[in-house]
Every structure is written in C-alpha cells, then in structure tokens.
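Subject: Model for pocket work

Hello,

Here is the structure for you to look over. My notes on its pockets follow.

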Amino acid sequence: MIGTLVALGMLVLVPLGLRLIDTGGGPVGVISQAWPLAGLAGTASLIVGRGTTAVVLAVLYAAVTVALAVAAAERLWRRRSLAPAEVAVLTAMVSPSVAGISLVAERGGWELLGFDMKVLALTVAHFHFAGFAAALIAGLIHAAVPGVLSAVPPIVIPAGIAIVFLGYFTTEAVELTGTAILTAGMWLTGWLIWRNVRPLAASRLTRVLFGISAAALAVTMLLALGWAAGH
C-alpha cells in the first residue's frame, strides 16, 4: 500500500502540483518537464528488489527532487518574501527532496540517521502528501480566497510538518505536538475548501469533489492524531 501511494505521489501528485506553481518560466518549468521520467525511475525503484539497481533508479529521482529544492532557494532569494502563500509553496518545493533522499536509503537497505526501513518508507510517503500536496494546496487556497483565516494554514501546516520531523529526533511528545498543529492546519484547510472554495467551482462534479476532499481531511487527520497519541 505504501509503495502504491508513493508511486501515485511521484507520477501524478507532484507533476500536477508543479503545474500550479507560478514559476514565471523559471527553473521549475524545466524541472516539471523532467519530472515524468524521474517519477518513472522512482516508481521502478519500488518494483525491483532492494539493491544496486533500485538505488541507481532512486538516485535519479532524488536528483530531480534536490534540483527542485535548489529552485526553492533561488525563488526565495529572488522574491525575498515570506508571505504565507510563499512559505507554503517553498515548503512544497523542498519536501520532495526529503522524500527522495529517504527513498535512496530505503531502497539501499541503509538505516538513515538511525531510522529503519518502515519509517523511511513512511517518510517518503509523508513528504509527498503532507509535505508537498498539503502545503501547496494551503498556499493556493490563500491565493484564491485571501484573508486572515486563509493565511493561517500556509504557516501552520509547514510548522506542523517541521515539528513532526523534529519529533523524530527528540521525543514522542514533540511529535504529538507537531501532529496536533498539523491537524489544526489541515482541518482549517478542509473548512476553507468547504466554505469558500467549493462554492466557486463551475460544475457540480467539481463541487462534489471539493466536498469529498474537505470531508476526507476531517477523518484522516483523526487517524494521524490517534497514531501520534499511541506513540
């Protein structure tokens, strides 16, 4: 199941998300063109058994994710902005590199920073979905419906992700705190989708899909809280 989710993130989620980032024809545009091939390499690394071939394929994917992180640094230097939407977009651009590096270690069977294979596999999934997708969506919502309330998730979600990551190296209490902060940001995102974004959709089907995505956050983040509390 984790492998399927990771493949979905590499092949579908990130390429679609990159198309939604205002790049102005910069390096992200070039990376977007290279991403499908990189996603195929990353997916292939999940299919073959752990070993040299899997590592080489994972390295190809990780190289493109690191290039995206470098593009995030270039974007920050060029725009010199830490506005809420920018924080969210920068978080989205950097997160796949954490996933890519973790993928290389997991495919090689190497414990990275003391983490076992299961944790590394979950890290790959986490930084595609919570790190990339959730942060990017929060930033896009704020851009679509500007306001004080919509400015909260683009800050809170990256903060929650960072604190959860810090919790890996410190204590379970820190991890639980980060999960609670992330959950609050995700629940507020769901509420904004339901209340402000969904009514703007042009078609009934789109409104239904927005409604499903908003409702899904209410349920799935309860599972995240339960997992962190269990630790």
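Five helices, α1 (2-19), α5 (117-144), α6 (153-169), α7 (172-197) and α8 (204-230), each supply at least two residues of the lining of the largest pocket. Helices here are DSSP runs of H or I with at least four residues, numbered from the N terminus. α5 gives the largest share, 15 residues.

This is a predicted model, in which local features need pLDDT of at least 70 and side-chain atom pairs pLDDT 80 or more, while totals for chains, interfaces and linings use all residues. Residues are numbered from 1 along each chain as its sequence is written, and side-chain values use heavy atoms, without hydrogens or water.

A pocket is an open set of points on a 1 Å grid over the protein atoms alone, where a 1.4 Å probe fits, with protein on both sides within 12 Å along at least five of seven lines; lining residues have an atom within 4 Å of a point. Volume is the space filled by probe spheres set on the points, which are joined across faces, edges and corners.

The largest pocket has a volume of about 1,800 Å³. Its lining has 49 residues, with A125, H126, F129, A130 and M186 nearest the centre. By class, 34 are nonpolar, eleven polar and four charged (nonpolar: Ala, Val, Leu, Ile, Met, Phe, Trp, Tyr, Cys, Pro; charged: Asp, Glu, Lys, Arg; polar: the others, Gly among them).

The second largest pocket holds about 180 Å³. α4 (84-108) and α6 each give two or more residues to its lining, and the largest share, five residues, is from α4. That lining has eight nonpolar, two polar and no charged residues.

Regards
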